[in-house]
Amino acid sequence: MNGRAARRASRKHANPSRHAHPHPPSREELQRQVERQQREIQKLQEQVAERDQKIADAEKQIADLERQLAARQKNSTNSSKPPSSDGLAGKSRQRGRRKKSKRKPGGQKGHPGHHRPLASPEQVQEVRPVLPVECKHCGQSLPQQIDQIQTVGEAQRHQVTELPPIQPYVIEYQCPKVVCPACGEGTRAPLPGEAQGDFGPQLMALIAYLTIYCRMPRRVVEAFLEHVLSISMSLGSAQKCWEQASAAVAQPCQELEQQLKNEPVLNSDETGWRNNGEKRYLWALVARNFVFYTVAKTRSSAVLIHLLGAVFAGILCSDRFSAYFKYHKGLSQLCWAHLKRNILGIQDFAKTTDAQRFCRDALALYARLFRLWRKFQGSLIDRNQLILRSIPLQQRWLALAEQYLDSDDKEVRNMATALFQHCGRLFTFIEHPGVEPTNNCVEQALRIAVQLRKIIFGNRSAQGEVATARLLTVTQTCRMQGRNALGYLTEAIVSYRRNQPVPSLLPKRP
């Protein structure tokens, strides 16, 4: 046997188990292996479930953050947010043209010029002749007295509108004690009604006008009186003038409030207000010939019941706020401008096919409807043609809403449900004269109040709330009726001081 064979033999004898058949595992060993593997599988399943939960939580958090981001990017053009909320917190609204015009600013070449007309001679308080010093032809000196010159043709006229020197006009009322020739006793006459207090009706009306109509803070009004009109007045005195102007117009404002329930059409909206830091709501109701404001503690339908009674017989135009649905069961008109902004908001942040298709079809129907409305406004079609041609559009709106009632997109489903439930409230303006398809008139009325709120930050007493509502009612009603608000306030204060009826703001019936 050679050396290699010997080494193989020695290794074989040294490790006999290497080539021996192993014993099969016992049943207990197999059972333990199965249990060990089951524990490992269960542990892996728990880890997978934990990771799935983390992924689901992360996806939910991402969706919440996306919704928050989308909400912060919304503005008054794609949601029901008011224009006053547009600011640095959200994306600024698109203003003006989307594409820059190539035209130069200002009047275009060839357009008819517009010039300030000359006032009539009766309206001119002073005439100043301007005479040449010498003849421009020969250099001869010319007379400088108007009665010594000889003229030819018409004089060239140029007018300058100027303010006279501003100074306070102080009226002193003297009440002598007159002795009676019969009995010898003295009698002193009482002051006339318009002489009550230290300030006249026109000055008091100006303070109220500057505060409410011009939206000037009281300290700015105080500075204006002192530096421009040379009238020194404390802040407390200015406040008393403001409150007396409010008391003077209490009667006409009450008449307007009583008239609200008799109006055939009313537009209503509300906005936030403050009273010494506490939450309030400023309501505005716009009728055909007047505007009425009131400050209330609540935004509920109780305010409507108080103003309009338990049942309103007219047509109430509003947005889709629930208080209006709860209160009014009769004819109503929902605002199409709000509806369009909501659809644009869905379109701007749409991520689903349903949202894109729904918004595309809804905006196309909206454009067709308002093209038809503009034709009616332009007298291209009459009311009967408007009704007939709008019927197919109304049917398509209802069909579009019904199509997306079960959409997987929550925003689309909510909008489709609102359209389907309130479709009848969207087309009241088609058949009833005096009804507009939008709530823009009352939103414009509230815009004045919102600007005032940002300047004076609300009121500090219940009396201030009433005064703000009254003076807003008077000034905006005068604006709507084309009346001079300052002149009306002056007349109202004079009548109030004389204990005479204050002029009404209701239009005179023929």
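Helices (H or I, at least four residues) and strands (E, at least two) are DSSP runs, numbered here from the N terminus. A445 is found in one of these runs, helix α14. Before going further, please note that this is a predicted model, in which local features need pLDDT of at least 70 and side-chain atom pairs count only at pLDDT 80 or more, while totals for chains, interfaces and linings use all residues. Residues are numbered from 1 along each chain as its sequence is written, and side-chain values use heavy atoms, with hydrogens and water left out.

**The sheet**

Let us start with the open sheet, in which five strands follow the order β5-β4-β3-β6-β7 with mixed pairing. Two strands count as paired if DSSP finds at least two bridges between them. At the edges are β5 (291-296) and β7 (332-334), each of which pairs on one side only. From one strand to the next, the twist averages 25 degrees; axes are lines fitted to C-alpha atoms, for helices over the stretch in contact, and angles run from 0 to 180 degrees between N-to-C directions. As a general point, strands of a sheet pair through backbone hydrogen bonds, either parallel or antiparallel.

| Strands | Sense | Bridges | Residues standing opposite |
|---|---|---|---|
| β3 and β4 | antiparallel | nine | G272 and Y281 |
| β3 and β6 | parallel | three | V265 and I315 |
| β6 and β7 | parallel | three | S318 and L334 |

β3 and β4 also form a hairpin with two residues between them, and N276 in the turn has a positive phi of about 55 degrees. Strand β3 is mostly covered, with 10 of its 11 residues buried. Buried means under 20% relative accessible area, exposed over 50%, and partly exposed in between (1.4 Å probe, protein chains only).

**Helices across the sheet**

Helix α7 (residues 301-308) lies across β3 (265-275), β4 (278-286), β5 and β6, and runs at about 45 degrees to β4. Helix α14 (residues 440-456) lies across β3, β4 and β5, at about 10 degrees to β3.

This brings us back to A445, which counts as buried because its relative accessibility is 3%. Leaving aside neighbours within four places in sequence, A445 is in contact (heavy atoms within 4.5 Å) with V286, V291 and Y293. The C-alpha atoms of A445 and L472 are separated by 9.3 Å, and the two residues are 27 apart along the chain.

**Helix α4**

In helix α4 (residues 218-227), the buried residues are V221, E222 and L225. Seen down the axis of α4, these fall within an arc of 100 degrees, so they line one face of the helix. That arc is taken from the directions from the helix axis to the C-beta atoms. The face turned away from the buried side carries the exposed residues R219 and H227. What covers the buried residues of α4 includes α3 (201-213) and α5 (235-248).

**Cavities**

A search of the whole structure finds two cavities of 30 Å³ or more. On a 1 Å grid over the protein atoms alone, a cavity is a set of points where a 1.4 Å probe fits but cannot get out, and lining residues have an atom within 4 Å of a point. Grid points are joined across faces, edges and corners, and a volume is the space filled by probe spheres set on the points. The largest cavity holds about 50 Å³ of space. Its lining residues include R320, L334 and H422. Helix α12 (residues 410-421) gives the largest share of that lining, three residues.

How values were computed:
On a 1 Å grid over the protein atoms alone, a cavity is a set of points where a 1.4 Å probe fits but cannot get out, and a pocket is an open set with protein on both sides within 12 Å along at least five of seven lines; lining residues have an atom within 4 Å of a point.
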